[in-house]
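Please consult the sequence and the structure below alongside the text.

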Amino acid sequence: MNKKAVTLTETLIAISIALTIILPISMMFSNSSRTLEKTSNLSFAGGLARYIIQGMMTMEKDEIVQIPPPGISCCDESDDNTYFKKLFNFYNVESDLDSGVTTVGIKNCVTKLYNRFARYNYRYSISVAQISGIKSVSVLITWKEFGVDKVFESHAYIVAR
């Protein structure tokens with residue numbers, strides 16, 4: 001008997017073997033991309049907290065004020081966020097030649113950074129305590145990742161200049 005065709009059973013066995021190999025590999029890529037995003041967000045929050053603390057070290061001692069949780073959104077352009085605007089200097093001037101209107105805003109200046117703040121809803125709060133001429137400062141960064149609230153806290157002591 002000369003067999004040139006592939007039977008249905010052989011085809012099903014070949015497909016099941018291929019799926020047994022391909023499925024774990026695809027799951028590995030899915031998990032690694034999720035882990036990479038989590039690590040990226042944690043690293044970004046750490047850098048953001050360090051940057052806020054470094055900014056505080058250049059400020060006058062009386063300018064460092066407490067911001068209670070849940071804090072202020074990093075992409076909030078309201079007057080309540082002037083502290084953050086001062087640290088990051090996110091002012092950008094845009095002029096409309098036709099109307100003569102000039103607008104200033106955070107969103108216009110650093111679009112990628114603003115989009116990241118907005119996508120993960122990054123917020124910051126600051127806890128300040130005075131200890132004999134030294135300010136003890138805690139910066140709490142919160143964000144939402146895959147529907148779960150995440151937190152990063154950094155602490156520093158700031159000596160009066």
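Helices (H or I, at least four residues) and strands (E, at least two) are DSSP runs, numbered from the N terminus. Under this assignment, Gly46 is found in helix α1, residues 8–57. The structure is a predicted model, in which local features need pLDDT of at least 70, side-chain atom pairs count only at pLDDT 80 or more, and totals for chains, interfaces and linings use all residues. Residues are numbered from 1 along each chain as its sequence is written, and side-chain values use heavy atoms, with hydrogens and water left out.

**Overall architecture**

- The chain has four helices and six strands, and from the N terminus on these elements follow the order α-β-α-β-β-α-α-β-β-β.
- Of the 161 residues in the chain, 28% are buried (under 20% relative accessible area, with exposed over 50% and partly exposed in between; 1.4 Å probe, protein chains only).
- Contacts (heavy atoms within 4.5 Å) between residues at least 6 apart in sequence join residues at least 24 apart in 56% of cases.
- The chain exposes about 10,700 Å², of which carbon and sulfur atoms supply 60%; the areas come from the Shrake-Rupley method with a 1.4 Å probe.

**The sheet**

- Four strands form an open sheet in the order β1-β4-β5-β6, with antiparallel pairing; two strands pair if DSSP finds at least two bridges between them.
- The edge strands β1 and β6 each pair on one side only.
- On average, neighbouring strands of this sheet are turned by 20 degrees against each other, direction ignored.
- β5 and β6 pair in the antiparallel sense over twelve bridges, and Trp143 has Lys150 in β6 as its bridge partner.
- Helix α1 packs on the sheet and touches β4, β5 and β6; its direction makes about 150 degrees with that of β5 (axes are lines fitted to C-alpha atoms, for helices over the stretch in contact, and angles run from 0 to 180 degrees between N-to-C directions).

**The largest nonpolar core**

- This core has 25 residues, of which Ile52, Met56, Tyr122, Tyr124, Ile126, Val139 and Ile141 touch the most other members (a nonpolar core is a set of buried Ala, Val, Leu, Ile, Met, Phe, Trp, Tyr and Cys residues joined through side-chain atoms within 4.5 Å).
- Two or more residues each come from α1, β1 (67–73), α4 (111–120), β4 (123–131), β5 (134–145) and β6 (148–159).
- With six residues, α1 gives the most to this core.

**Gly46**

- Gly46 counts as buried because its relative accessibility is 3%.
- Gly46 and Glu153 are 107 residues apart in sequence, yet 7.9 Å apart in space, C-alpha to C-alpha.
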